[in-house]
Amino acid sequence: MNKSNTIICNSGPLIALCLLKKLSLLQAFYQRVIIPEIVHGEILHSDATRPGAEELAGAHWIEVQPIVPDPILTAMLDPGEASVLTLARSMGITHVLIDERRGRKIARTILQLTVTGTARLLVDAARSGLIVSAHQELLVLRNNGYWLGDNILEWAKLQSTQFPS
């Protein structure tokens with residue numbers, strides 16, 4: 001498995017991976033994992049019992065970078081997503097991890113970034129033999145209150161059928 005260089009992550013995928021106890025998947029695929037300070041704060045400082053807080057606090061391999069989000073992006077997205085995209089642009093990093101539809105669309109179409117989501121990461125992990133089933137992991141997320149559309153679940157199931165690990 002080849003590691004990609006660097007990815008900048010939003011809070012949603014981090015929380016999802018923490019709920020699954022799979023935050024280390026990021027280390028398996030990326031040499032460098034960066035989150036904006038705003039994302040770090042969304043997870044750690046809003047509520048110490050928030051899903052992902054404990055795991056993120058112990059993940060010293062994740063770099064936290066300060067950034068002031070672009071006001072135009074902030075007008076269209078939440079502060080975390082806006083800061084992810086602003087940080088990617090300012091650092092010249094072309095790969096982001098975002099689940100929210102609007103943020104993904106802006107990243108792809110306007111900023112020309114490569115976008116990965118939690119589902120894609122889990123499918124890649126299943127194909128690499130790091131987890132048994134992306135579809136099953138996504139069902140666990142959904143059962144724990146993480147919003148996932150039926151189309152995402154079906155896509156992951158189809159990917160598992162087409163490319164069994």
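Predicted model: local features only at pLDDT ≥ 70, side-chain atom pairs only at ≥ 80, totals over all residues.
## Basis

Local features need pLDDT of at least 70, side-chain atom pairs count only at pLDDT 80 or more, and totals for chains, interfaces and linings use all residues. Residues are numbered from 1 along each chain as its sequence is written, and side-chain values use heavy atoms, without hydrogens or water.

## Helices α1 and α3

Helix α1 spans residues 11–19 and helix α3 residues 37–44. Helices are DSSP runs (H or I, at least four residues), numbered from the N terminus. The two axes come within 10 Å and cross at roughly 45 degrees. Axes are lines fitted to C-alpha atoms over the stretch in contact, with angles from 0 to 180 degrees between N-to-C directions.

α1 and α3 are therefore oblique to each other.

Ser-11, Leu-14 and Ile-15 of α1 meet Val-39, Glu-42 and Ile-43 of α3. Contact means heavy atoms within 4.5 Å.

## Nonpolar core

The largest nonpolar core holds 54 residues. Such a core joins buried Ala, Val, Leu, Ile, Met, Phe, Trp, Tyr and Cys residues through side-chain atoms within 4.5 Å. Leu-14, Leu-26, Leu-85 and Val-96 touch the most other members. Helix α8 (residues 118–127) gives the largest share, six residues.

Leu-26 touches Cys-9, Leu-14, Leu-17, Val-33, Trp-61, Leu-97 and Leu-121, leaving out residues up to four places away in sequence.

## Ser-83

Ser-83 lies in helix α6 (residues 79–91). Ser-83 is buried, with a relative accessible area of 0%; buried means under 20%, with a 1.4 Å probe and protein chains only. Beyond four places in sequence, Ser-83 touches Pro-36, Ile-38, Val-39, Ile-67 and Pro-69.

How values were computed. Helix = DSSP H or I, 4+ residues; strand = E, 2+ residues; numbered from the N terminus. Parallel < 35°, antiparallel > 145°, perpendicular 65-115°, else oblique. Buried < 20%, exposed > 50% of the residue type's maximum accessible area, 1.4 Å probe, protein only.
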